[in-house]
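Biologist: I am new to this structure. Please show me how to read its features.

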Amino acid sequence: TSRGAVVLFGLPGNPLSALTAARRIAIPVLAAAAGLAMRPPREVQIDAETDAVSSDLWRYRLATLDAAGRVTLVPSRSSGDVISAGRSHGFVEISGGRSIEIDERYPFHGWDD
């Protein structure tokens with residue numbers, strides 16, 4: 001446009017997928033466009049659960065964060081399970097080809113970061 005660049009985001013249709021994509025991609029882009037600096041995601045450890053599933057795709061698992069900085073995965077039935085999102089503080093990012101291990105560190109993106 002004559003007033004500047006226009007940014008358009010196409011988000012997925014499932015509620016949790018849209019929420020995660022907005023937090024992971026759209027909000028940082030909009031913050032940068034506004035000249036705001038965002039903190040990088042915290043590096044956290046999973047508290048008590050493991051996820052033996054490994055995938056070539058990147059995954060984002062809902063989680064709660066305690067005062068000590070450790071996370072516990074929130075059970076979720078599907079990307080339409082908005083109740084599980086309401087119980088979470090954000091999500092853990094698992095890169096492709098990895099499974100979750102208790103003693104590993106993962107990026108945590110909080111809803112209110």
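Biologist: How much space lies in the largest pocket?

Modeller: A note before that. This is a predicted model: local features need pLDDT of at least 70, side-chain atom pairs need 80 or more, and totals for chains, interfaces and linings use all residues. Residues are numbered from 1 along each chain as its sequence is written, and side-chain values use heavy atoms, without hydrogens and water. A pocket is an open set of points on a 1 Å grid over the protein atoms alone, where a 1.4 Å probe fits, with protein on both sides within 12 Å along at least five of seven lines. Its volume is the space filled by probe spheres set on the points, joined across faces, edges and corners. Here the largest pocket holds about 220 Å³.

Biologist: Which residues line the largest pocket?

Modeller: Lining residues have an atom within 4 Å of a point. Among them are Pro-12, Leu-16, Tyr-60, Arg-61 and Ser-79. Helices (H or I, at least four residues) and strands (E, at least two) are DSSP runs, numbered from the N terminus. α1 (15-33) and β2 (59-65) each supply at least two lining residues. The largest share, 4 residues, comes from α1.

Biologist: In what order do the strands close into a barrel?

Modeller: Two strands pair if DSSP finds at least two bridges between them. The 5 strands follow the order β1-β3-β2-β4-β5, with mixed pairing.

Biologist: How many bridges join β2 to β3?

Modeller: There are 3, and β2 and β3 (residues 70-73) run antiparallel. Leu-65 has Val-71 in β3 as its bridge partner.
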